[in-house]
Amino acid sequence: DENITVTVSGIIDDVKKNGDTAIIKYTKEFDKVNLSSENLKVHESEIDEAYGVVGKDLKNIIRRAKENIRDFHLKQKENSWIQAEKEGIITGQLVKPLEKAGVYVPGGTAPIISSVLMNVIPAKTAGVSKVFMATPPRKDGKVNPAILVAAREAGVDCIFRIGGAQAIAAFAFGTGSVPKVDK
């Protein structure tokens, strides 16, 4: 749909030019939540609070899934190697993980915990130094507690309450509050 393409392109350009101001504007427009640059980032106290809200069974399921996903991806991990061939020829492979990755987790009506685990754990297993996550806030301005628990368990370094194209653009270009990521 050409209208969608035009709309999304406009959002991306706005975030590129206006950073946090654009993110705050679109969060108000699309998510109906008033934010400021100071509360785009989810604070550690909110994540701590989420652990008190999420039930023991769900936390155990998240932890078990984390272990299974990590174990699987450890088997895929490639290593650097160098070997000397004949006549001074050297061949090899240098595996270097990205420094920063951004992960988007949709909000919607149900928490998609698997989106957190299946994106963050492979990145962390591969050696990505910093994984940042964006997920839209609920109408009360908070992030779903199960998403927060899954994010901490998976090893997310920083969480932003930002949704939509504006979140992706923030990671692509960086803003005052959101770092530019490598992927």
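Asn144 sits at the N-terminal end of helix H6 and caps it, with a side-chain oxygen 2.8 Å from the backbone nitrogen of Ala146. Helices here are DSSP runs of H or I with at least four residues, strands are E runs of at least two, and both are numbered from the N terminus. The model is a predicted one, with local features needing pLDDT of at least 70 and side-chain atom pairs pLDDT 80 or more, while totals for chains, interfaces and linings use all residues. Numbering runs from 1 along each chain as its sequence is written, and side-chain values use heavy atoms, with hydrogens and water left out.

Among the buried ones are Pro145, Ile147, Leu148, Val149 and Glu153. The buried residues pack against helix H3 (44–53), H4, H5, strand S4 (130–134) and strand S5 (158–160), contact being heavy atoms within 4.5 Å. After H6 comes Gly155, with a positive phi near 105 degrees.

As for open space, a pocket is an open set of 1 Å grid points where a 1.4 Å probe fits, with protein on both sides within 12 Å along at least five of seven lines; lining residues have an atom within 4 Å of a point. The largest pocket is lined by 18 residues, with Leu98, Pro122, Ala123, Ala126 and Val128 nearest its centre. Helix H5 supplies the largest share of that lining, five residues. In the second largest pocket, 14 residues form the lining, and Asn144 is one of those nearest the centre.

Technical notes. Buried means under 20% relative accessible area, exposed over 50%, partly exposed in between (1.4 Å probe, protein chains only). A polar contact is a pair of N or O atoms within 3.5 Å; within protein, one must be able to donate a hydrogen and the other to accept it, and residues adjacent in sequence count only if both atoms are side-chain atoms.
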